[in-house]
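Hi,

Here is the structure we discussed handing over. Please have a look at it before reading my notes below.

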Amino acid sequence: MLTTTLFDWAIVELVAEDSPHQKRLFLWGLVSEDLLGRFQNGDYVFTSLITAIYPDSRQVITKTNHVYNLVGPGQRVKASGDELEMLRNGYSPGDIELIKS
């Protein structure tokens, strides 16, 4: 299976006021290898909705059936709709924290 490998990654939970009990998870990270040839080393990725997380193999599957391998320590963050849009536009979770403070 062709995969994309990410480092400096975060699982992002959308915190939506209209549906506070529904968890919608996305993946943000930096590419170290992309066997599909979509991304260059160091590009950022913000995925479609996560459909499965496999902690033992450190893999994430998204709604578009892409498989992501996770390398190194990651983080889990919560984001509002506005912050989610910032992540889609290339800001990192750390960038957003700096902007908020």
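Partly exposed here means a relative accessible area between the buried class, under 20%, and the exposed class, over 50%. Glutamate 97 has 47%, so it counts as partly exposed. Keep in mind that this is a predicted model.

I looked at the salt bridges. The whole structure has four of them.

Start with helix H2, residues 93-100. Glutamate 97 pairs with lysine 100 there, with 3.5 Å between the closest N and O atoms. The two residues are three apart in the helix, which means about one helical turn separates them. Lysine 100 is exposed, at 51% relative accessible area.

Glutamate 85 and arginine 88 meet through their side chains at 3.4 Å, N to O. Glutamate 85 is partly exposed at 39%. Arginine 88 is partly exposed too, at 38%.

Then there is arginine 38 with aspartate 34. Their closest N and O atoms are 3.9 Å apart. The cut-off is within 4 Å, so the pair counts as a salt bridge. Arginine 38 is partly exposed, at 34%.

Best wishes

Methods. Residues are numbered from 1 along each chain as its sequence is written. This is a predicted model: local features need pLDDT of at least 70, side-chain atom pairs count only at pLDDT 80 or more; totals for chains, interfaces and linings use all residues. Side-chain values use heavy atoms; hydrogens and water are left out. Buried means under 20% relative accessible area, exposed over 50%, partly exposed in between (1.4 Å probe, protein chains only). Helices (H or I, at least four residues) and strands (E, at least two) are DSSP runs, numbered from the N terminus.
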